[in-house]
Structure formats: structure tokens, C-alpha cells
Amino acid sequence: MILLDKISKQYKDGTKALQNVSIEVEPGEFVYLRGKNGSGKSTLLKILFGQEKVSRGRVSVSGYDVTLMKNNRIHELRRKMGFVFQDFQLLQYKTVYENIAYVLEVTDHPVDEIRHRVVEALETVGLKHKVFDYPSNCSGGEQQRIAIARAIVHNPTILLADEPTGNLDPHTAYGILKLLHKINQSGTTVIMATHDQSFLDKIPSRIIELDNGFVSKDRSKNHTMLLLSSRMGEQYVI
Ligand code: ADP
Ligand code: MG
């Protein structure tokens, strides 16, 4: 369960990135976080990941009160989460195997278990045959699949994806979208930020829209408007 209760985020330079945002996400949901560049999507994901602090409001993720958390507990929370970036962020001098295994090595898993889990994650993303390749020998779509394998190898309960299809052509992007939905179907909560709405109707799901740091829409899969505006600090259900 993710709960954002009237959160605001103001950066040190005065930029108001999020304003009075209230959102509830149930376990197992798939949410598109939509909005133009600069609308606050990345800030919101970073807050959920414990990477940025809110200026006001309360954040609760999987029972952790992120607002009050100390650093060691943030690492504990992050072990329940995976993060996928627009630019993949793979280490080019490491093999595909090493890029993924690294996540488990820092948390002291036995070697056999690491091997098993890496292969399983690569199977999920359809790239088992690339295990000993280097990222530079993989296409953009393949690199994003490897990054997704890295994000799910520790079986997170929540997967955050920040514009994961932003660097990909429409066909490859659709493949990544399908993969994220497949991961969601196995029970993982997925929140995917995107400024591109052209392909979201292909696999409908809840859409939360940010506009200038405000929630401007919260539309469930069956198109019920859950929340019209957070500007007034009130919720309207239609
Ligand atoms: P999005 O991901 O939707 O493009 P961001 O969350 O990156 O939006 O940014 C929201 C607003 O906050 C923008 O105006 C951006 O310039 C600003 N911003 C983002 N990160 C920082 C930062 N570290 N310091 C100051 N302003 C920032
Ligand atoms: Mg962003």
C-alpha cells in the first residue's frame, strides 16, 4: 500500500515540484503517472524511493513512514522496491549477468541462489541467451529489458519506472509496456511515469495525471474519475 497524504515538495531553489498531492495505491495496482515534462513525475517517484524528502505531508510505503525514516531503514524499504530509468543505467564494463547479480551480491545472497535468480529474471524478460553479453552488444530495447531484470531480481513488491520507454521506438516501447504489465500480473505493484500518452490506451489501467505539481486527474481503469483536483484539497468522486 502506498499512501501520499497532502504532500508538497519544494526544492532548495524555490521550485515547487509537487503541491498538495494525495494518492492511494493498493497492492498489485498498475498506475500510469502521466504529465508533461516538469510536471513532477520524477520527483514523486524519488520521494517514494526515499531519494527526496517531502517539504510537507506524509508518505507511507508498505507500512514504512518514509517521512520520518532514517537512512538505514530507507535501505530496508528499497530492498522491497525496484527502479527502472529512461536511460537504462547499466554498467557498460560489466556483463549482463554481473549487472543483475550485483543487486543481490550487496545483500549477501549465496552464489547458487544468485545464479538461479539472475537466470530466472532474465527468463522473465526473455533474454536468458544474453547472460554473458555486454550491454553494448544489446539493442536499446534489450538493454531496457536487462535493466528491468535487474529491478525485479530481488522480487520487489513495488516497481517504479521513470519514462522507461522514453528512449525507444514505438514498437519496442510497446514490448516494454507489455513486459511491465506481465510483471504486474504476478502481483508486483507498478507505477510507470510517462509524458507520452499515445500508447497508454493499448493496455488500459489507472491514470494519475500531474499538471504543474498538482494532481489534475485520477482515472481508474474503467474510466471513473477518482479525483478531479487537488487544488481545493478536496476529492470529488463521479
Ligand atoms: P518530470 O519528471 O515530470 O519532468 P520533475 O519531477 O523532474 O518533473 O521536475 C518537477 C519540477 O521540479 C521541474 O520544474 C524541475 O525543473 C524541478 N526540479 C526537479 N529536480 C530538481 C532539483 N534537484 N532542484 C531544483 N528543481 C528541481
Ligand atoms: Mg522526469
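Begin at Gly-38, where a backbone N or O atom lies 2.6 Å from an oxygen atom of ligand 1, a polar contact in the sense of a pair of N or O atoms within 3.5 Å. Bear in mind that this is a predicted model, in which local features need pLDDT of at least 70 and side-chain atom pairs count only at pLDDT 80 or more, while totals for chains, interfaces and linings use all residues. Residues are numbered from 1 along each chain as its sequence is written, chains are lettered from A and ligands numbered from 1 in the order in which they are written, and side-chain values use heavy atoms, with hydrogens and water left out.

Now show the residues around ligand 1, among them Tyr-11, Asp-13, Lys-36, Lys-41 and Thr-43, each with a heavy atom within 4 Å of the ligand. Helix H1 (residues 41–48) gives the most to this shell, with three residues; helices here are DSSP runs (H or I) of at least four residues, and strands (E) of at least two.

Next, move to the largest pocket, of about 670 Å³, and select Phe-49, Arg-78, Met-81, Val-103 and His-154, which lie nearest its centre among 21 lining residues. A pocket is an open set of points on a 1 Å grid over the protein atoms alone, with protein on both sides within 12 Å along at least five of seven lines, and lining residues have an atom within 4 Å of a point. Colouring by domain shows that domain 1 (1–80 + 158–238) and domain 2 (91–155) each supply at least three residues of the pocket lining, with bounds from an automatic or database domain assignment.

Finally, turn to the cavities, sets of points where a 1.4 Å probe fits but cannot get out; two of them reach 30 Å³ or more. The largest cavity, of about 50 Å³, has a lining that includes Ile-2, Val-25, Leu-44 and Ile-208, and that lining has 10 nonpolar, no polar and no charged residues. For the second largest cavity, select Ile-47, Glu-52, Lys-53, Val-54, Val-59, Val-66 and Thr-67.

Methods. Polar contact = N/O pair within 3.5 Å; in protein donor to acceptor, adjacent residues only side chain to side chain. Points joined across faces, edges and corners; volume = space filled by probe spheres on them. Nonpolar A, V, L, I, M, F, W, Y, C, P; charged D, E, K, R; others polar.
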